[in-house]
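Colleague: I have a new structure open. Could you show me how to read its features, one at a time?

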Amino acid sequence: MSYPLTRKSDQVDNYHGTLVTDPYRWLENPDSEETRSWIEAQNKVTFDYLNEISVRKQIKQRLTKLWDYEKYGIPFKEGNNYFYFKNDGLQNQSVLYTLKTLDAEPRLLLDPNKLSDDGTIALSGLAISDNGKLLAYGLSTSGSDWQEWKVRDVETGEDLQDHLKWIKFSGASWTHDNQGFFYSRYDEPNEKTKLEDVNYYQKLYYHQLGNPQSEDILIYHRHDQKEWGFSGDVTEDGSYLIISVWLGTDAKNLVFYKDLTNPHAKVIELINQFEANYSFIDHDDSVFYFRTDLNAPRGKLIAIDTKNPAQANWQEIIPQSTSTLESANILNNQFVVDYLQDAHSQIKIFDLNGALIREVELPGLGSAGGFGGKRDDIETFYSFTSFTIPGTIYRYNMVTGKSELFRQPQVDFNPDDYETKQVFYGSKDGTQVPMFITHKKGIELDGNNPTYLYAYGGFNASMTPGFSVSMLVWMEMGGVYAMPNIRGGGEYGEEWHQGGMKEKKQNVFDDFIAAAEWLITNKYTQPKKLAIAGGSNGGLLVGACMTQRPDLFGAALPAVGVMDMLRFHKFTIGWAWVPEYGSADNPEEFQTLYAYSPLHNLKPETAYPATLITTADHDDRVVPAHSFKFAAALQANHVGDAPVLIRIETKAGHGAGKPTAKIIEEAADKWAFLVSTLNITS
């Protein structure tokens with residue numbers, strides 16, 4: 001193939017005595033005329049290639065048909081009103097409805113589809129006042145992390161005059177008097193460079209309804225800690241503001257609180273050392289309940305009496321177990337605890353003293369979410385999904401322990417035609433790693449099955465079973481879907497996470513490569529039929545593995561990946577990933593990063609797998625420069641017939657809030673690319 005010529009500059013950087021060239025540094029400016037011309041030229045080559053794949057049209061039609069089913073969110077209640085999200089099928093964004101009772105006629109409250117012609121303005125956050133009469137909601141444009149918040153009257157559907165800007169990485173939490181809410185924001189950025197500039201000095205504010213943002217009350221900030229971020233949440237009874245202090249993406253956090261019943265109360269530092277993760281659950285008077293991994297990497301529940309807060313006085317309520325304790329809530333004055341057992345959900349109910357009452361019977365091996373509500377509620381809702389079960393909503397009775405089907409989606413396929421198994425395989429160092437494998441029943445293990453190997457492996461994020469229309473189309477075409485739970489994730493707690501961090505990051509790549517080798521050894525597939533994929537940190541995973549083992553894969557699909565491990569911390573929120581990756585500013589960590597950084601490990605005259613890099617011009621989480629520079633370097637070094645392309649989405653970001661139409665187009669391009677490059681004939 002003929003690729004656009006990418007200019008090379010003579011940029012060289014000195015990292016602790018090591019000279020590193022960066023010839024495509026100019027692509028870090030996404031708005032320069034030269035970069036815009038480059039984007040246009042690359043997209044022309046990519047879309048010319050994709051549009052010539054005859055089966056693409058058929059794939060898009062099947063995706064569109066399967067996607068066209070009603071999708072309901074879990075209902076929740078505030079005051080006397082219920083709320084839920086619904087998508088009729090192909091709407092670009094889901095719509096928020098409200099109703100007085102669950103069998104009443106729903107009323108449309110907020111339709112993000114009406115905010116833009118192409119669905120690129122998305123609802124990115126919401127908070128409903130305690131009386132259920134006011135909705136604070138955040139909007140994101142073209143996938144940016146920047147949000148603007150407004151307030152809507154639930155009864156009239158009209159917006160109030162409140163309009164808050166420069167909000168990022170924040171929700172909102174109302175005070176019990178329904179007169180205002182807490183939120184976090186940054187100082188106003190430079191309008192021209194707001195999608196690239198770093199974000200420091202977040203501040204926690206209180207917004208009084210009706211006041212301009214300039215009059216919002218500053219609750220907490222730290223001018224001596226530019227990297228600290230603040231999340232303020234009001235307790236269910238309205239008596240305390242709980243402030244979680246975060247430092248980048250590190251799971252460890254601090255916990256401060258403020259007594260809202262005393263107008264003169266100061267912020268109290270309850271936990272002031274970054275030594276563990278603490279997630280506030282609820283409180284009984286002065287006793288605060290937390291989920292923590294302090295001396296318990298798989299999690300436990302503790303109680304801290306704020307009148308006697310020394311660590312020696314903390315009480316263990318639910319000890320660590322063999323399963324990973326993900327989160328907890330209090331319903332019917334009982335703890336509802338969400339566990340992961342070998343990467344699938346397990347829900348257990350305990351009394352407030354930590355005695356087990358029962359385990360919730362789930363429909364199978366999958367992922368359960370929900371179980372929200374108020375402390376005295378005897379009814380709650382949860383969703384259940386697996387690789388072959390679309391998200392199904394159940395109503396759960398906390399007294400009887402019975403689940404009742406509430407909403408079941410109707411998708412045009414037969415789940416009995418597919419099967420899922422979980423296997424365990426040995427990684428390079430002998431660590432046993434689980435992997436889910438899903439495919440049509442009756443496939444032959446002859447090494448000829450096109451296989452899509454997908455993982456993430458970082459930031460304590462757990463990969464659990466979930467339904468995907470896109471994956472269903474892949475499996476309909478005879479594809480195998482494999483998802484290993486590699487290290488760096490949270491499936492087995494903090495130790496599993498730390499096993500794939502910083503100087504141990506190579507474990508993540510070794511786990512993924514070992515998964516590929518297991519699939520080949522066990523005759524599921526062969527290298528020329530094997531595609532690897534991942535997004536964000538998973539894009540880094542794909543980039544590292546395709547540079548380390550280009551012989552092992554037939555195709556690679558790195559999406560919005562972190563590809564330049566020497567400069568990631570210099571853009572937007574990239575500095576926040578230093579606790580996970582390390583920093584090139586540190587001499588020892590530089591050596592680790594330089595050894596696997598995808599951009600810096602492409603070798604001249606090497607045949608790389610067919611590659612479709614995907615990114616977006618408005619991605620201000622992982623700036624598109626990562627993908628731009630990697631694509632330019634890959635095209636310059638690659639030899640052979642396999643296409644190495646970059647697909648650059650316009651008016652889109654890192655992925656959150658992406659309209660349905662764009663998701664379907666991207667999925668059609670991805671599967672068409674694999675049909676072509678893996679030579680899929682069925």
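Colleague: How many bridges join strands β36 and β37, and in which sense do they pair?

Modeller: The general idea comes first. Strands of a sheet pair through backbone hydrogen bonds, either parallel or antiparallel. In this predicted model, β36 (residues 530-535) and β37 (residues 555-559) pair in the parallel sense, over five bridges. Take one example: Ala531 has Ala555 in β37 as its bridge partner.

Colleague: What is the strand order of the open sheet?

Modeller: Eight strands form it, in the order β32-β33-β35-β34-β36-β37-β38-β39. The pairing is mixed. At the edges are β32 (418-426) and β39 (644-649), each pairing on one side only. From one strand to the next, the twist averages 20°.

Colleague: Which strands does helix α10 touch?

Modeller: Helix α10 (residues 660-677) packs on the sheet and touches β34 (451-454), β36, β37, β38 (610-616) and β39. The direction of α10 makes about 170° with that of β38.

Colleague: What is Tyr581 in contact with, leaving aside neighbours within four places in sequence?

Modeller: Its contacts include Phe459, Leu540, Val562, Met565, Phe568, Leu593 and Tyr596. Lys502, Lys505 and Asn537 are also in contact with Tyr581.

Definitions and conventions. Residues numbered from 1 in each chain as written. Predicted model: local features only at pLDDT ≥ 70, side-chain atom pairs only at ≥ 80, totals over all residues. Heavy atoms only, no water. Contact = heavy atoms within 4.5 Å. Pairing = 2+ DSSP bridges. Helix = DSSP H or I, 4+ residues; strand = E, 2+ residues; numbered from the N terminus. Axes fitted to C-alpha atoms, helices over the stretch in contact; angles between N-to-C directions.
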